[in-house]
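Me: Got a model open here and want to talk it through. Can you take my questions as they come?

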Amino acid sequence: DNGALTADGTAIQIYTCNQTPAQSWTLASDSTLQVMGSCMDATQSGTTNGTLIQLYHCNHTGAQQWRATASGQLINIHSGLCLDDPGSSTTVRTQLQLYGCDNTSAQVWNLPS
């Protein structure tokens with residue numbers, strides 16, 4: 001969560017692990033990923049490659065529901081696309097996106113327990 005902000009539309013990005021509340025995600029029973037009282041969300045309920053991922057108040061739509069696979073992918077239930085680090089970037093503040101599931105390291109996530 002960019003800057004530990006809680007406003008709707010805040011970018012969800014890659015960042016160096018620092019153990020802050022902005023990196024303490026929980027997988028809720030309704031299939032949402034939550035941090036600091038809000039949910040990981042596909043911008044404007046997008047369903048195409050490149051749809052950006054943002055923080056948004058939890059509204060329980062398909063844009064906020066994720067299914068974890070045994071290989072560590074997170075599939076957005078609404079779009080059928082995977083949570084993706086564009087180009088397997090290592091650049092801090094790269095905003096995450098939806099992208100077709102392709103079994104690359106850009107789509108493998110360590111899920112909260």
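Me: What stands opposite Met40 in β4?
Reply: Leu55 does. β4 pairs with β3, residues 38-42, in the antiparallel sense over four bridges. Strands here are DSSP E runs of at least two residues, numbered from the N terminus, and two strands pair if DSSP finds at least two bridges between them.

Me: Before we go on, what am I looking at?
Reply: This is a predicted model, where local features need pLDDT of at least 70 and side-chain atom pairs count only at 80 or more, while totals for chains, interfaces and linings use all residues. Numbering runs from 1 along each chain as its sequence is written, and side-chain values use heavy atoms, with hydrogens and water left out.

Me: Back to the sheet: what's the strand order?
Reply: β1-β2-β3-β4, an open sheet with antiparallel pairing. β1 (26-27) and β4 (53-56) are the edge strands, each pairing on one side only.

Me: New topic. Where does Gln19 sit, and what about its phi?
Reply: Gln19 is in the segment before β1. Its phi is positive, about 65°, although Gln19 is not a glycine. Most residues other than glycine have a negative phi.

Me: Is Gln19 buried or exposed?
Reply: Exposed, because its relative accessibility is 72% (buried is under 20% relative accessible area, exposed over 50%, partly exposed in between, with a 1.4 Å probe and protein chains only).

Me: And which loop holds Arg93?
Reply: The one between β7 (82-84) and β8 (97-99). Arg93 also has a positive phi, near 80°, and counts as exposed at 53%.
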